[in-house]
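Here are some quick notes to go with the model you asked about. Have it open while you read, and take the points in order.

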Amino acid sequence: VRLEHVTANIGRTDEGIFNFDYIVDSLSGEDVPPQQPSGPGWDFAIYEAVLEEIKVRYDDQFEGNDVLLALGRLQIVADEFDLSANTIDLDEIALTSLHADLRKYMQPTPEQESRSPDEETDNSGMMIHVRNLDLKDIVARYANSVDGSNINLDLGALRATDHKIDVTLQAVEGGTVYLGETFLAYHQMQGSDTTDIDEEIADST
């Protein structure tokens, strides 16, 4: 799979409607009663994926998130991709030039949180083996105007070899790690009052 020179703009209104929902609705058609499959389910495998020059903008007015992503190049090479056996064996993950800007400007109301879909994925027993991980030139910024927190990351180089990831136990083991030319900072503004921020947002609407 190869994807190059793509710009995507994804938006969600304050009512929780995505700007692509009309496409999904048009393809879904009328409700059809589910049918029992006549044979085994489909198996698929991707052994190499390359993404180059990808830009994504996500404007979420429902939960108050503004995200900008600019990806230079990402290459993933797999030796084994067997979801039925919960096994993913990756020979290489190489990521060069990723700039991410994430801004949180609003705290969702309890009503909005209750309307957000629950995302539960069963990854029981999933094992991921990564032989070579190579990350270069990663810049990430996170600013939360609700609680006053800010995180800045400038990663020059990260190389890791022969690591195993147990998704069920949320554990990583084995291998060597090299980290160089990297800066990480976390700031928390004192006296941040989320109540005042919520009131300002409510007054501006």
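1. First, a term: helices (H or I, at least four residues) and strands (E, at least two) are DSSP runs, numbered from the N terminus. With that in hand, D162 turns up in strand β6, which covers residues 149-166. Its phi is near 55 degrees, a positive value in a residue other than glycine. Most residues other than glycine have a negative phi.

2. Before going on, a word on what you're looking at. This is a predicted model, in which local features need pLDDT of at least 70 and side-chain atom pairs count only at pLDDT 80 or more, while totals for chains, interfaces and linings use all residues. Residues are numbered from 1 along each chain as its sequence is written, and side-chain values use heavy atoms, with hydrogens and water left out.

3. Now the overall layout. The protein chain has three helices and eight strands, and from the N terminus they run β-α-β-β-β-α-β-β-β-β-α. Take contacts (heavy atoms within 4.5 Å) with a separation of 6 or more: 67% of them join residues 24 or more positions apart.

4. How much of the chain is buried? Of its 205 residues, 24% count as buried, meaning under 20% relative accessible area; exposed is over 50%, and partly exposed lies in between (1.4 Å probe, protein chains only). The chain exposes about 14400 Å², with carbon and sulfur atoms supplying 54% of it. These areas come from the Shrake-Rupley method with a 1.4 Å probe, and for residues only the protein chains shown count as cover.

5. Back to phi. D137 also has a positive value, near 55 degrees, and sits in strand β5 (residues 127-144). D137 is partly exposed at 36% relative accessible area, and D162 is partly exposed at 43%.

6. Which residues make the nonpolar surface patch of about 540 Å²? They are F20, Y22, I23, V24 and L27. V24 belongs to helix α1 (residues 21-28) and is partly exposed at 46%.

7. Last, the rings. Rings of Phe, Tyr and Trp (its six-membered ring) pair if their centres lie within 6.5 Å; planes under 30 degrees apart count as stacked, over 60 as edge-to-face and the rest as tilted. That gives one aromatic pair. The centres of the F18 and F20 rings are 5.1 Å apart and their planes at 25 degrees, so the pair is stacked. F18 is partly exposed at 24%, and F20 is partly exposed at 35%.

Conventions:
Patch = residues over 30% accessible without salt bridge, like charges linked within 9 Å, V, L, I, M, F, W, Y side chains within 5 Å. Salt bridge = Lys/Arg side-chain N within 4 Å of Asp/Glu carboxyl O.
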